[in-house]
Amino acid sequence: MSRANGQANGQAGPGPVLRLTDLHITYRTGVHAVRGVTFSLAPGKCLGLVGESGCGKSTLALAVLGLLPPKTTVGGSILVGETDVACAPRRAVRALRGTVVGFVAQDPMRSFDPLMCVASSVEEAWRAKRIRPEPGTAARVLERLGITDPQRRGRQLPHQWSGGMLQRAAIAAASAHHPRLIVADEPTTAIDADRAESILAAIRATGTTVLLVSHDLNLIGRYSDDVAIMYAGKIVEHGPARRVLARPRHPYTAALLAAAPRPGHGLPAALPGDPPRLDRPIQGCSFAPRCGFAVSRCTEAEPELHDDAACCRLAEIELTPLARPAGPGVRRAGGAST
Amino acid sequence: MTVAADPNLSRYVTRRKSRGATILATTSGRIGLLLSAVVIAVLIAGLVRGNPNSVHIALRLHAPSLRYPFGTDEFGRDELARIGYGGLTSLSAAALVLIIATAAALVLGTVAGLLGGLLDLVIARTVDVLLAVPTIVLALAVIGALGPGFVHLVLALSVAYIAWFTRMARAFALASRRRDDVTAARLAGVSWLRVVCSHVLPDVSTRLWVVSTLALGDIIISIAGLSFLGLGIQPPAAEWGAMLQQSLDSFVQAPWLLVIPGLTIIVTVAAVNLIADALREMNPQ
Amino acid sequence: MTAGTGALAWPGGRARWLAAKVTGRLGQALLTMLGASILVWLLFAFAPGDPAQRALAARGILAPTPGELASERHTLGLGHPVVYRYFSWLVGALHGSFGRSYITQLPVATELGSRLAPTLRLAAMGLLFMIVLAGLSGMLAAFAANRAPDLAIRVVTVICAATPSFITGLFIIQFVVIRLGIGQALGNGGWADAILPGVALGLASLAVPARVFRQSLIDGLESYYALVAHSRGASKLRILLRHAAPNAITPFTHAIAVAAASLIGGTVIVEAVFNWPGLGSYLIQSVQARDLPVVQAITLLATASYILASLAADLISLAFDPHARGRS
């Protein structure tokens, strides 16, 4: 099978696959969408990035691929392997896309060129770099992802496939070249709920390092190794998925968990208020206006990530552990459920 | 309580912005108005120069000079005066065609769109057939049947453009019939006639005028073309297209007789098209 | 989970859906053609004045005797009822016979036959230039959207839209043919001579198709699948040519079909400018001479061409419709 670059399966290679350092992203309109994000992603791991709409997670996902709109200011660094996407020349970033970093978009029905057959779309990253893939490559990858009769179906046009199948094809396209990293931006939001889990399982089954972006903490928590909660452009909690879901340390995480419907626990508690506007500087903790634990010092200085959570009252508040039924656990390629 | 007073319905009340102020807001509008000013200035300069048909054989084929800024033609006639009067003729014919075609289309289209049924079918199919004939060919066919001349020219072009505008007006009327404020008024018991007059007609009319001004440039071109062929406005009347035909005899030694009417047509049509574009940008429906 | 809408939902599958669409369009075209034939015939049958008198006047007999009038009426078949005359004319037209010219008394069809080829060559040249120039400028304008090349193209298209084809033709004759000595002012109807008038035709009609193509390409470049293609490493040029362009063919083709009407009209006048021995100059001569059977015939031919052009455009866009293309 031809490889566009010499990179092997995402498990190999020393050092983190993705390392963000103090990332700031400001759109041309003045909206400061990402306000100082730092994390790194080790090979083979899956990081779930969770937050409400507008928290900056999609911006971050696009930034890793260098797909932000023109005239967007990017501060800090985004290291994919050795390349800093934030400041590398366009050609270098384009060399990464498709072959070193794969992307799975939110809406599978609109992700495909309506006039190009699915197999050709899956092979797009090769064709874009003028490499001829071996015949049958797309069919093989599609079959690995659970598409039956891939030779014939691959020659069909996107409108003949269902949403779930198309998303699998998108995962095939993203993973066919054995990239070091897959960025999945809300891959299950546009999928029927009963299919969502299988899509996430398929992504993890590729064995690649994954940055998984979503607004659904419960779903993502079950399929990721680590979870980072984003609010108003900053990470407010970051830790192993099982721990964060069982014992959240930041009031916002607890609120997110409480807002999800849980049978037998009464009505979900919706979070009042709205996230802050990002086109103005924020004074103090960005979550303070909606936080049930806020005191006066919360509005003075913005807390930094310390001990997995960014809250100045970390030592003082006791968040009730939530009784949750045990999930299916974290899935990993070739490994048993933990 | 009037419709306008209820704040919830305010979005249905269209406020007419000051037209002049907002045309200047668009680039096309600005350039269009600038070019129109140039054309109007030239027209006025031509109109004040006196008789465009007075012949001075001794002065024939003079190049542009201070005395005759646009030169003279092969009969010694003042080219600037002919441009001025020619413009009056061409533009008034075009305006006439536009007004007749738009007014007729407004009636036919609204009737077809609102009443439906057999009348709509007949009107829509006739329009389809008329639109299948290319405009110039249709105009030539009508002139062939009736003969040349100003009146027949206007009639011929009106027929072609009535068809086009009626199709648009009918579509607008159909859309209008489904609008919420029409339904609301009918439910409130307002008679069909009042609904048509106060809701449908103004809406269809505005949208139709925006579309038809886009055709004004084409109308001017058609008039110039047909007159160039000798089938429109007849000599010795000054008309831009006819002047181009007359220049053919001597345009090798007198290129200004070709270039000046040609450029005048181009600049005028460009001005009209740009203003029509600006109007369309202001009415984005 | 079953997939597909449109073609696959049609009972009988994609082939039947295609057949239904094509037959539908063909039927529509035929009906419009029939309507146009009625219109053309009515125009002349009900034109003011006495047809017999007009026919004689076209031959130079301005004060005919009652005998001459009667015999002309008989030749023209004016004694028969209107509907019969329409159908006999229509049947004749379908067999290629359009009556006789008022002036030459020769069959109209003969003269049309010799003039058809030059007009087709001229129109083909015009169409070629229009499609190529509109296509290229649309692509360039979309690729460099809102930057200098786009604005420059915008200015050029505004000027082209404001310039009638006959004025471009006249300018070409003045500045290219006469001053530079390139080409012919009196066309001989051949392909080489068709280039200059073809340019004049193409320039006049390219503005709207160019604008439509540019907008559709920009929509493609800004679409969701373009973003995803970007994420897979495609360059902007590849997205323009390989993804946006095929999806923009349908609106472009429709704009070209609409522009075909002004192309046909322009052909008529440009033939006059270049003394082109085609149907257009024949039409003009006949209108000037009030030779109605010829005008009728050419009007019908022009209408048929336009209807054919629309049909061709519909069929091409069907070929680029994803629902028509998918294999089962």
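**Exercise 1.** How many residues of chain C are in contact with how many residues of chain A?

*Solution.* In this predicted model, begin with the count across the boundary, where 26 residues of chain C are in contact with 28 residues of chain A. Next, assign the chain C side to its helices: helix 10 (224-231), helix 11 and helix 14 (322-325) of chain C each supply at least two residues of the side that touches chain A, and the largest share, seven residues, comes from helix 10 of chain C. Finally, sort that side by class, which gives twelve nonpolar, ten polar and four charged residues.

**Exercise 2.** Describe the side of chain C that touches chain B, by count, by helix and by class.

*Solution.* Count the contacts to begin with: 40 residues of chain C are in contact with 37 residues of chain B. Then look for the helices of chain C that each supply at least two residues of this side, among them helix 1 (14-45), helix 6 (148-162), helix 7 (165-178) and helix 13 (292-319). Sorting by class, one finds 30 nonpolar residues, nine polar residues and one charged residue on the side of chain C that touches chain B.

**Exercise 3.** Which residues touch the most other members of the largest nonpolar core?

*Solution.* The largest nonpolar core holds 276 residues, of which V64(A) and L211(A) touch the most other members. Helix 11 (residues 236-273) of chain C gives the most to this core, with 19 residues.

Conventions
Residues are numbered from 1 along each chain as its sequence is written. Chains are lettered from A and ligands numbered from 1 in the order in which they are written. This is a predicted model: local features need pLDDT of at least 70, side-chain atom pairs count only at pLDDT 80 or more; totals for chains, interfaces and linings use all residues. A nonpolar core is a set of buried Ala, Val, Leu, Ile, Met, Phe, Trp, Tyr and Cys residues joined through C-beta atoms within 7 Å. A residue is buried if 20 or more other C-beta atoms lie within 10 Å of its own, exposed if 12 or fewer, and partly exposed in between; C-beta atoms are placed from the backbone. Helices (H or I, at least four residues) and strands (E, at least two) are DSSP runs, numbered from the N terminus. Two residues are in contact if their C-beta atoms, placed from the backbone, lie within 7 Å. Ala, Val, Leu, Ile, Met, Phe, Trp, Tyr, Cys and Pro count as nonpolar, Asp, Glu, Lys and Arg as charged, and the others, Gly among them, as polar.
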